[in-house]
Amino acid sequence: MNYLLALFGMSKEELLSCLNEGRKKLITPQEIDGEEIKVSLLKKIDEIFHKGLPFYLDFTPIEMNQTEKVFFRKTKFRTVLSIEDKRLVDSFESLKSLLDGYRTLTDTLSAEYRLHKSFTIHSDPKSAADHVRDTLIPPL
């Protein structure tokens, strides 16, 4: 929870204010500070941050890396960002991290991948097909 509050630049009071908007029975600070949080409350918190329940149930430690997220690197922006703006930026950063992970995985596998040679539209189609055929179908 502290990670999300720091990422989105919110205080616990601001989070409670968002959570308690329009409610008769108010959520207390103890309910979001404890070691355990009810799933129904996590769903309400997720309506604000849009991270998905698996994010809250994952026990992997999260580093507040200053270079990974723009909201940890920069403290001031030219404009005031809304929570929706911050959510959008965070979703693109998360997608970029995922794609970087796939790229890294692909790079480590490329030495084992026999068709790692790339062809362009300027390559001779016959020689490209011959190369692929020879690689996939070994001679008898």
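Predicted model: local features only at pLDDT ≥ 70, side-chain atom pairs only at ≥ 80, totals over all residues.
Residues are numbered from 1 along each chain as its sequence is written, and side-chain values use heavy atoms, without hydrogens and water. Local features need pLDDT of at least 70, side-chain atom pairs count only at pLDDT 80 or more, and totals for chains, interfaces and linings use all residues.

**Exercise 1.** State how many salt bridges a search of the whole structure finds, and describe the one between Lys 12 and Asp 33.

*Solution.* 
Step 1. A salt bridge is a side-chain nitrogen of Lys or Arg within 4 Å of a carboxyl oxygen of Asp or Glu.
Step 2. The search of the whole structure gives six salt bridges.
Step 3. In the one between Lys 12 and Asp 33, the closest N and O atoms are 2.7 Å apart.
Step 4. Lys 12 belongs to helix H2 and Asp 33 to helix H3, so the pair ties together parts that are 21 residues apart in sequence. Helices here are DSSP runs (H or I, at least four residues), numbered from the N terminus.
Step 5. Buried means under 20% relative accessible area, exposed over 50%, and partly exposed in between (1.4 Å probe, protein chains only). Lys 12 is partly exposed at 30%, and Asp 33 is partly exposed at 43%.

**Exercise 2.** Describe the network of salt bridges that links Lys 126, Asp 130 and Arg 133.

*Solution.* 
Step 1. Asp 130 and Lys 126 form a salt bridge with an N to O distance of 3.2 Å. Both lie in helix H8 (residues 125-136), four residues apart, about one turn of the helix.
Step 2. Asp 130 also forms a salt bridge with Arg 133, where the closest N and O atoms are 2.8 Å apart. These two residues of helix H8 are three residues apart, about one turn of the helix.
Step 3. Asp 130 is partly exposed, with a relative accessible area of 23%. Lys 126 is exposed at 57%, while Arg 133 is partly exposed at 43%.

**Exercise 3.** Asp 46 has no salt bridge. Find its place and what its side chain reaches.

*Solution.* 
Step 1. Asp 46 is in helix H4 (residues 39-49).
Step 2. Asp 46 is buried, and the nearest side chain of opposite charge, Lys 51, is 8.3 Å away. Lys and Arg count as positive and Asp and Glu as negative; His and the chain ends are not counted.
Step 3. The side chain of Asp 46 reaches the backbone nitrogen of Gly 52 at 2.7 Å.

Definitions and conventions:
Polar contact = N/O pair within 3.5 Å; in protein donor to acceptor, adjacent residues only side chain to side chain.
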